[in-house]
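Please work through each task before reading its solution.

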Amino acid sequence: GYSIGGVTGVSAVPKAMETGLEGFTVKRLGGATRYETNLLILKEGGVKVGDDILVCTGKDFADSLSASALGLPILLVNNQKGELTVKQQEFMSLANASYCIVGGNGAVSNDLGISFIEYGTTRRLSGADRHATSVLVAETFFDEPEYAVLAYAQNFPDGLSGGPLAYALRAPLILTDSNHPNSAMCYT
């Protein structure tokens, strides 16, 4: 089993949780920040040189929910800090990847986005809002899917559960809510 999150993993997943996992080897993946934990997960997940990597803000959930249906690695960045961490730069210098930034300037600033060009080909998928961005992700990565999974755009638990379902169905995850029904309806 794996235990993920928090400073050395213990604050997010308490050590006491391991007592119910006797007989399993438990490996903690926990960095000092969510960004370090993210890198540990990417490395453990076996991101290979030349893979496509999605880039999403680590401060909000909407764009990474839309991206979760793709089954591709997601690199979380801190737009407030406005620069890549040293550990992210080290990871990216070895990855020789192609980067797709999901979200607009408010999620991943243009200055931060430009820094990816040094590490590989870079493009951005950005709609007018989270709803439109989810449709843009769907239109870009899914060619005539048989299904689409709809998830509530204003909170993450349902969408988080729906991401693996969408991936298993080879379907996009479209964000919607009662104030923005047109975004989901226009994706047909």
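This is a predicted model: local features need pLDDT of at least 70, side-chain atom pairs count only at pLDDT 80 or more; totals for chains, interfaces and linings use all residues.

**Exercise 1. The sheet**

In what order do the four strands of the open sheet lie, and is their pairing parallel or antiparallel?

Solution. The order of the strands is E4-E3-E5-E6, and they pair in parallel. The edges are formed by strand E4 (74-77) and strand E6 (122-125), each of which pairs on one side only. From one strand to the next, the twist averages 25 degrees.

**Exercise 2. Salt bridges**

Taking a cut-off of within 4 Å between a side-chain nitrogen of Lys or Arg and a carboxyl oxygen of Asp or Glu, find how many salt bridges there are and state which parts each pair ties together.

Solution. The count comes to three salt bridges.

Step 1. Lys27 and Glu44 meet through their side chains at 2.8 Å, N to O. Lys27 belongs to strand E2 (residues 27-29) and Glu44 to helix H1 (residues 34-44), so this pair ties together parts that are 17 residues apart in sequence.

Step 2. Glu36 and Lys87 form a salt bridge at 3.6 Å, N to O. Because Glu36 lies in helix H1 and Lys87 in helix H3, the parts tied together are 51 residues apart in sequence.

Step 3. In the salt bridge of Asp60 with Arg130, the closest N and O atoms are 2.8 Å apart. Asp60 is in the loop between E3 and helix H2 (62-68), whereas Arg130 is in helix H5, so the pair ties together parts that are 70 residues apart in sequence.

**Exercise 3. Accessibility of the charged residues**

Classify Lys27, Glu44, Glu36, Lys87 and Asp60 as buried, partly exposed or exposed.

Solution. Buried means under 20% relative accessible area and exposed means over 50%, with partly exposed in between.

- Lys27, at 40%, is partly exposed.
- Glu44, at 31%, is partly exposed.
- Glu36, at 24%, is partly exposed.
- Lys87, at 44%, is partly exposed.
- Asp60, at 35%, is partly exposed.

How values were computed
Residues are numbered from 1 along each chain as its sequence is written. Side-chain values use heavy atoms; hydrogens and water are left out. Two strands pair if DSSP finds at least two bridges between them. Helices (H or I, at least four residues) and strands (E, at least two) are DSSP runs, numbered from the N terminus. Axes are lines fitted to C-alpha atoms, for helices over the stretch in contact, and angles run from 0 to 180 degrees between N-to-C directions. Buried means under 20% relative accessible area, exposed over 50%, partly exposed in between (1.4 Å probe, protein chains only).
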